[in-house]
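Hi everyone, thanks for making time this morning. I'd like to walk you through one model, starting with confidence and then moving on to the side chains. Let me put it on the screen.

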Amino acid sequence: MTILKKTFFFILILFFISIILLFILLDKYSIEKTINRIETDHGIIINLKEEPDWKFFPQIKLDFVGKIKNSANQFYAENINFSFVQFYNIAPLKFTINMPSFFIEGLEIKLLQLFGNYSVFNKNINLNNIEGKIGNGDFSSSGTISLLENQPIKLKGNFNNLYLNQILKQLNLANWERVEIRLSSNNYVLSSKLSNDDIFLQNLEGNMPISGSIYLVTSEEERFGVSFLNLLVAQLLPDYKNLSKSLSQIVSNYSDKPVLLEGILEIENGVLHTSNLSVINNNNRINVDGTYDIINNYFDTKLFFIESEKIVVEAKIEGNLENPIIQIINDNQSFDSEKINNDLNKVFGEGINTLIDKLLNLNE
């Protein structure tokens, strides 16, 4: 499950709980009976730390503190403060939910707060604000959730300085050690439908302006190796010039210093699209054009290495988040990699010196 899907799911569970607790008063059910029903129907474990505090004047107000987790241990939170207010009129139920920490798998969201209201008549939840912190980053969003069949969930907002590596690693999606990415977005918009996992992702739509930075980690030995590789290829092995050009571009222009990332991500039917995402460093940039299938965890994307407005190298990315193939293209075709691996991911993984040794053996 993706972090986006899990977050939506957790928000929904909180609101289902709040709605049912309101009906405790109206239907004269006991809290124990209601909690048992939630635990049985949804596989969620709820523990109250103290007796709920009911007030009936000048409005109906319910406050309580508890902890919650699901039976599969995919998420949990302790010391959640719930507060619900219902005026003696047809106004929507108001709620405030605060928690010091909320864990999705291994990812911690700190100081998570939710404010909003629920309309009993049209079964609509208005999220006036959802905010929290992830590492050194933060987010703030608002949206609506309709509990009617085939009605959309909508969310919009901002996030700032989210460390993508941390999120992917703690959710066990990928462990990127070579590249570090921090992302921010203003005015993103996401929507889907309230349903099971596959239908939720298949209906996921959105628009997300992106800015941030990318930092590629390389060693002094690798930088020297790329310089030597350029000389070797230029003098003896011109067929591999695109491979050496791409490595030179990456190491010279995008390593060991943060460079700018900006563009727009579009999501349609659970597939992320981009045609204007760029990594920029002065007169050099890498344009990213392609897709990432969230449901199947699959990249189908091209990279265009541009120097002074001229494309000098092309590459394509295929595969999953954890270990994608980044393959150099010559004349719109992937060159023969039986002798020399042209997967940049593996070249860096095996070492530049290993590549040089193989090229020297070819020239003997």
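The mean pLDDT of this predicted protein is 80, and 82% of its residues reach 70 or more; pLDDT is the predictor's confidence in each residue, on a scale from 0 to 100. A quick word on conventions: residues are numbered from 1 along each chain as its sequence is written, and side-chain values use heavy atoms, with hydrogens and water left out. Since we have a predicted model, local features need pLDDT of at least 70 and side-chain atom pairs count only at pLDDT 80 or more, while totals for chains, interfaces and linings use all residues.

Now the overall picture. The protein has eight helices and 18 strands; these are DSSP runs numbered from the N terminus, with helices being H or I of at least four residues and strands being E of at least two. Of its 364 residues, 45% count as buried. For burial, under 20% relative accessible area is buried, over 50% is exposed, and anything in between is partly exposed, using a 1.4 Å probe and protein chains only. Among contacts with a separation of 6 or more, 46% are between residues 24 or more positions apart.

On to the aromatics. Rings of Phe, Tyr and Trp (its six-membered ring) pair if their centres lie within 6.5 Å; planes under 30 degrees apart are stacked, over 60 edge-to-face, and the rest tilted. By this rule there are six aromatic pairs. One of them is Phe159 with Tyr188, a tilted pair at 5.7 Å centre to centre and 45 degrees between the planes. Phe159 belongs to strand β9 (residues 152-163) and Tyr188 to strand β10 (residues 179-193), so this pair ties together parts that are 29 residues apart in sequence. Phe159 and Tyr188 are both buried. Tyr292 and Phe299 make another tilted pair, 4.6 Å centre to centre with 40 degrees between the planes, and these two residues are buried as well. Please also look at Phe64, Phe82 and Phe84, which form one aromatic cluster.

There is a charge over a ring, too: the charged end of Arg182 sits over Tyr163, 4.3 Å from the ring centre. The rule here is NZ of Lys or CZ of Arg within 6 Å of the ring centre and within 35 degrees of the ring normal.

How many salt bridges does the structure hold? There are four, counting a side-chain nitrogen of Lys or Arg within 4 Å of a carboxyl oxygen of Asp or Glu. Among them, Arg178 and Glu222 meet at 2.4 Å, N to O. Arg178 is in the loop between α3 (164-170) and β10, and Glu222 in helix α5 (residues 220-236), which puts the partners 44 residues apart. Arg178 is partly exposed at 32% relative accessibility, whereas Glu222 is buried at 8%.

Another bridge joins Arg285 and Glu309 at 3.1 Å, N to O. Arg285 lies in strand β14 (residues 284-293) and Glu309 in the loop between β15 (298-307) and β16 (310-319), so parts 24 residues apart in sequence are tied together. Arg285 is partly exposed, with a relative accessible area of 22%, and Glu309 is exposed at 62%. Lys61 and Asp63 also form a salt bridge, at 3.9 Å, N to O.

Arg285 leads me to Ser278, one of its contacts. Ser278 lies in strand β13 (residues 271-281) and is buried, with a relative accessible area of 10%. Beyond its neighbours within four places in sequence, Ser278 touches Leu260, Leu261, Glu262, Arg285, Ile286 and Asn287. The side chains of Ser278 and Asn287 make a polar contact at 2.8 Å; that term means N or O atoms within 3.5 Å, where within protein one must be able to donate a hydrogen and the other to accept it, and residues adjacent in sequence count only if both atoms are side-chain atoms.

Methods. Contact = heavy atoms within 4.5 Å.
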